[in-house]
Amino acid sequence: MTGTTTAAPRRPSAVARRLCPEGGANRWVVLIVLCVSLAIVAIDSTVLHVAVPAVTEDLKPGGIQLLWIVDAYPLVCASLLILFGTLGDRVGRRKVLLIGYGLFGVASAMAALADSPHLLIAARALLGVGGAMIMPATLSIVRQVFPDRRERAVAIGVWTAVAAVGAAAGPLLGGFLLEHFWWGSVFLINIPLMFASLFAGRWLLPESTGDREGPWDVVGALMAAGGLFGVVMGVKRAGGGEGMLSAMTLVPLVVGAVLLVGFVRRQRRRKHPLVDLAMFARPAFGTSVSCIVLAMLALVGLMLIAAQYLQLVLGLSPLETGLRMVPLTLAAMAGGLVGSQLLPKAGPRAMVSCGFCLTAAAVLVLTFLGHEDNPLLMLVGFVLLGFGLQTTLFGSYESMLSEAPQGQAGGAAAIGETSYQLGGGMGIALLGSVMNAAYAPGLAAAPGVPEPAREAAENSLGEAYQVADGLGGGAGLALREAARDSFVHGLHVTLLVSAGLLLIGALAALKLPRAMSCVQEYEQDHEEDAMAAIPSPAPPQETAPASPSSAPTRERAARPSREHASAESRG
């Protein structure tokens with residue numbers, strides 16, 4: 001049983017009839033509501049980055065507290081995606097989504113008014129809970145509302161474009177707000193938009209569930225949450241400079257890996273698993289998940305390093321840095337919208353593979369960046385990067401979601417979002433390690449710098465500048481120049497490694513289907529709906545047994561309805 005269950009047995013509710021009348025035009029209104037909330041969640045994942053100095057100055061958090069202020073949101077969100085994605089399949093995706101809206105609004109108010117580091121950490125963790133409820137629910141509802149794969153491709157193109165625009169707009173919006181208001185304003189703007197989404201979603205969004213057979217695996221859900229929390233935490237610690245052999249890296253990684261292995265074994269033994277792991281046996285699904293991981297692996301760490309380049313090497317302000325990212329944002333939006341039109345013609349294999357290649361070419365263009373500002377080169381590189389990456393992610397998400405049964409839409413969406421988050425964390429760890437390995441040796445060329453000062457400067461370019469200011473004189477100037485040269489060299493090495501990862505992704509995408517199948521899936525879904533809508537025959541009366549010819553009669557009566565439903569779906 002993998003079909004979608006609505007409020008009445010396969011019959012559209014009054015709300016669903018208003019949403020999707022004969023032409024189904026209002027399903028685009030549903031998409032708008034979903035995308036508004038998605039944009040808020042995506043913005044919140046990056047908006048705090050530029051507010052960290054202001055938060056540090058106001059709340060005076062310790063080093064560990066500051067780390068948790070930044071990491072609490074992505075850690076909690078990534079670890080709970082599978083839990084809430086599968087819970088939505090069980091109790092109702094709209095129900096989980098609306099609760100997520102409310103939690104996100106309340107947590108935003110807590111974060112905006114926080115007067116201590118502990119309260120801000122708690123608010124950020126609650127924001128992660130709300131985000132984990134919202135992200136997979138929006139994508140699974142898109143899967144339900146758009147049964148026609150061609151229209152669904154357009155909807156997912158818009159969905160991925162909004163996610164990319166939200167994440168890229170976070171630093172820009174944060175920089176603007178910090179220039180005019182206090183740091184809490186970066187959270188305060190969420191409240192009216194999220195509660196507007198709550199009230200609009202209550203009346204506009206349709207409810208749906210997946211397969212309700214068997215109990216919901218609470219133990220399995222907690223194992224998945226704990227395992228993902230440990231793995232993501234370990235990966236982030238490795239990317240934050242702890243090192244792979246540090247206890248803060250190894251312990252959560254090992255515990256998380258053990259829990260995830262236990263989760264997989266548990267799901268394979270259960271008659272009604274929380275996540276149907278058989279989906280990974282389908283080449284399109286497993287390959288799409290791998291492509292999402294590789295795309296984020298190559299991009300997220302690279303973008304973090306690029307932001308440091310713009311601010312520390314070129315000397316741009318946070319707002320100016322955000323403005324430099326605008327072409328990338330617009331190109332990503334165009335990539336999602338244009339890709340939805342190209343996918344039916346080019347097919348998933350060609351689109352995702354070409355998207356990887358285009359992104360790799362953009363990364364190679366950026367290797368020509370140096371010590372001086374080159375706006376034209378940066379514009380070309382960012383436009384190609386945004387367009388290529390977005391077509392890659394769009395084609396991967398569309399193939400993954402279309403390959404999953406409707407009853408598993410929430411779980412499939414959660415797996416996609418988890419791979420997105422995990423790929424991003426792995427990218428920060430891997431590319432951050434590559435950057436550090438290429439950056440640190442260059443500082444040895446600075447003459448007259450004491451060994452303790454050189455070791456402190458090896459941590460980051462920002463810290464090297466602080467050490468150089470403290471030294472002063474010729475030694476400080478020499479350290480500053482050496483650190484700047486080493487950072488640019490490390491950027492070039494990191495770009496080359498990122499391009500290699502993207503080319504590996506292009507080869508992996510060759511396992512995707514050559515063409516996008518649309519008609520068969522659409523007709524099958526609608527024929528199932530039409531069959532389910534046919535009333536069951538009345539039970540035979542005891543005094544008048546059914547005639548042997550009654551079954552063929554009912555079959556002849558039902559056949560025109562099925563033929564009519566199939567003709568309507570083709571029309």
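Helix α2 (residues 27-44) and helix α6 (residues 117-145) have axes that come within 10 Å and cross at roughly 155 degrees. Helices here are DSSP runs of H or I with at least four residues, strands are runs of E with at least two, and both are numbered from the N terminus. This is a predicted model, where local features need pLDDT of at least 70, side-chain atom pairs count only at pLDDT 80 or more, and totals for chains, interfaces and linings use all residues. Residues are numbered from 1 along each chain as its sequence is written, and side-chain values use heavy atoms, with hydrogens and water left out.

**The α2/α6 pair**
- The axes are lines fitted to C-alpha atoms over the stretch in contact, with angles running from 0 to 180 degrees between N-to-C directions.
- On the α2 side, residues making the contact (heavy atoms within 4.5 Å) include Leu31, Leu34 and Leu38.
- On the α6 side, Leu127, Gly131, Ile134 and Met135 are among the residues involved.

**Overall build**
- The protein chain has 22 helices and 0 strands.
- Of its 571 residues, 52% count as buried (under 20% relative accessible area with a 1.4 Å probe, protein chains only; exposed is over 50%, and partly exposed is in between).
- Take the contacts between residues at least 6 apart in sequence: 82% of them join residues at least 24 apart.

**Arg349 and its partners**
- Arg349 sits in helix α15 and is partly exposed, at 23% relative accessible area.
- Beyond its neighbours within four places in sequence, Arg349 touches Ala509, Leu510, Leu512, Pro513 and Arg514.
- The C-alpha atoms of Arg349 and Ala508 are 9.5 Å apart, although 159 residues separate the two along the chain.

**Cysteines**
- A search of the whole structure turns up 0 disulfides (pairs of cysteine sulfur atoms within 2.5 Å).
- For Cys354, the nearest cysteine sulfur belongs to Cys357, 6.2 Å away.
- Cys291 is buried, with a relative accessible area of 0%.

- Mean pLDDT (the predictor's confidence in each residue, from 0 to 100) is 75 for the protein chain, and 80% of its residues reach 70 or more.
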